[in-house]
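Please examine the sequence and the three-dimensional model shown below before reading further. The explanation then moves from the whole chain to individual side chains.

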Amino acid sequence: MHTPLTVPPSGKQYHISFADYRAVVVEIGAGIRALERNERSVLESYDEAAICDGAHGANLVPWPNRVFGGGYRFMGQDYRLPLTEPEAGNAIHGLIRWLPFWATHLTQTSVTLESVLHPTPWYPFLLRVRFGYELSSNGLVVTTEVLNQGTQACPVAIGHHPYLSPGNDQTIDSALFSTSANQVRPRPERSEAADTHLEQPEVVGDRVLDTTFAFPAAARNRRGWARLTGTDHHTVELWTDQNYRYLQIFSGDTLPDRRRRKAMAVEPMTAPPNALQSGQDLLVLQPQETLETQWGVGLL
């Protein structure tokens, strides 16, 4: 009798490697399930037999973060998004996290996956979305392409949800963290300390962060960066191109106990939270127009 084949919750697993780097990219959402160097976690992973939790490694299109209340207006038309954060009444992290993707290119060191986001009553636009992952001696580079395949203009913002690891079996409390995104943007429903700037490495300690940082306008033509150094003295460095104007920094305090404060989410975003509603830094793609972005991460 044959044992039935089991399919992981995140779908097909694409394993790529270069020298001492290993990564696993998945079919569902084209997310990153694992990234390590010499068996040391660079990004916190989740188990192959588990459903992705806490948006670990997820891609966030056509908006990152939240749309408060789920409503937005575009070109004179009002839309209501599904409230995917029901306890807070928000729409969170876009529409592709659970969408199947297919591989269009696969080598030992790289994989490209793409899918189509078809029109719905809450987002009646047609997007082709492609993610390219490539490993080198510098780590992982992620290239995102979003193409408006429809016949009308559409609103788009892009985000990603990697968790930087302080080292296997460590917590972020003793780690050092810094970022060039040094302008804090308070969330509308809460007030943040005005001095929560982290340009110089500081011990995370008991800081509780779910905070949006913006790159200063004067630095937007340069790479943005964030660094987390564990007690093993290795540093995970994440960088972004100029399309990413914001980072959401999340210390993981609301995750389940087994995950809590085990990694620091550093989320590159082309627009801030609530961009579909506010319009701030929201890109309007014309028919057949493409947005291409890049970010990367490695272990120093």
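The following paragraphs describe the chain as a whole, then its aromatic rings, its charged groups and its cysteines.

The model shown here is predicted. Its chain contains one helix and 26 strands.

The aromatic side chains come next. A pair of aromatic rings is described by the distance of the centres and the angle of the planes. A search of the whole structure finds six aromatic pairs. One of them joins Y123 and F125: the ring centres lie 4.7 Å apart and the planes meet at 75°, so this pair is edge-to-face. An angle over 60 degrees is what places a pair in that class. Y123 is buried, with a relative accessible area of 1%, and F125 is buried as well, at 2%.

The rings of Y163 and F250 form another edge-to-face pair, because their planes stand at 65°, with centres 6.5 Å apart. This pair links distant parts of the chain: Y163 belongs to strand β16 (residues 163-164) and F250 to strand β23 (residues 246-250), 87 residues apart. Y163 counts as buried because its relative accessibility is 2%, and F250 counts as buried at 10%.

Ring pairs also build a cluster, which consists of Y72, F74, Y79, Y123 and F125.

The charged end of R223 sits over the ring of W239, at 3.7 Å from the ring centre. The charged end of R227 sits over the ring of W225, at 3.8 Å from the ring centre.

Finally, the cysteines may be considered. How many disulfides does a search of the whole structure find? The search finds zero. C52 counts as buried because its relative accessibility is 16%, a value under the 20% cut-off. C154 is buried with a relative accessible area of 0%.

Technical notes
Residues are numbered from 1 along each chain as its sequence is written. This is a predicted model: local features need pLDDT of at least 70, side-chain atom pairs count only at pLDDT 80 or more; totals for chains, interfaces and linings use all residues. Side-chain values use heavy atoms; hydrogens and water are left out. A disulfide is a pair of cysteine sulfur atoms within 2.5 Å. Buried means under 20% relative accessible area, exposed over 50%, partly exposed in between (1.4 Å probe, protein chains only). Rings of Phe, Tyr and Trp (its six-membered ring) pair if their centres lie within 6.5 Å; planes under 30 degrees apart count as stacked, over 60 as edge-to-face and the rest as tilted. Helices (H or I, at least four residues) and strands (E, at least two) are DSSP runs, numbered from the N terminus. A charge sits over a ring if NZ of Lys or CZ of Arg is within 6 Å of the ring centre and within 35 degrees of the ring normal.
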